[in-house]
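Here is my note on the side-chain contacts, as you asked. Please read it with the model open.

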Amino acid sequence: RDAIAAVRRAIWVVLTERQRQLFIGAVIDGDPLDVLAARLGISRNAVYKAVFDARRKIRAILLAKGHLVAGAST
């Protein structure tokens, strides 16, 4: 429960609006990257990069706050 709350906080605190929109669409809602790209009028690669960066930011904040252990696979 604490981990889920930490991820939710990280999504709203560390991500830009665009990263948040794409992360939620791709990771939480499971929308295909092509669908998100078409909906927003951007390339699939731009969607991939934004989601990749969002995951990296979320992981970094979870590590910093002690919710993840460095080196553990997630």
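This is a predicted model: local features need pLDDT of at least 70, side-chain atom pairs count only at pLDDT 80 or more; totals for chains, interfaces and linings use all residues.

The points below take the charged pairs, then the aromatic rings.

1. Salt bridges overall. The structure holds five salt bridges. Side chains of opposite charge can pair when their charged atoms come close. I take up some of the bridges in turn.

2. Arg 20 and Glu 17. These two side chains form a salt bridge, with N to O at 2.9 Å. Both residues sit in helix 2, which spans residues 17–28. They are three residues apart, so about one helical turn separates them. Arg 20 is buried, at 10% relative accessible area. Glu 17 is exposed, at 53%. The cut-offs explain the labels: Arg 20 falls under 20%, whereas Glu 17 is over 50%.

3. Asp 34 and Arg 44. Here the N to O distance of the salt bridge is 3.0 Å.

4. Arg 56 and Asp 53. The closest N and O atoms of this salt bridge are 2.6 Å apart. Both residues lie in helix 4. Three residues apart, they are about one turn of the helix from each other. Asp 53 is buried, at 16% relative accessibility. Arg 56 is partly exposed, at 48%. There is a network here as well: salt bridges with shared partners join Lys 49, Asp 53 and Arg 56.

5. Aromatic rings. How many aromatic pairs does a search of the whole structure find? It finds one. The partners are Tyr 48 and Phe 52, and the pair is stacked. The ring centres are 6.5 Å apart, and the planes are at 20° to each other. The planes count as stacked because their angle is under 30 degrees. Tyr 48 and Phe 52 both lie in helix 4, four residues apart, or about one turn of the helix.

Notes:
Residues are numbered from 1 along each chain as its sequence is written. Side-chain values use heavy atoms; hydrogens and water are left out. A salt bridge is a side-chain nitrogen of Lys or Arg within 4 Å of a carboxyl oxygen of Asp or Glu. Helices (H or I, at least four residues) and strands (E, at least two) are DSSP runs, numbered from the N terminus. Buried means under 20% relative accessible area, exposed over 50%, partly exposed in between (1.4 Å probe, protein chains only). Rings of Phe, Tyr and Trp (its six-membered ring) pair if their centres lie within 6.5 Å; planes under 30 degrees apart count as stacked, over 60 as edge-to-face and the rest as tilted.
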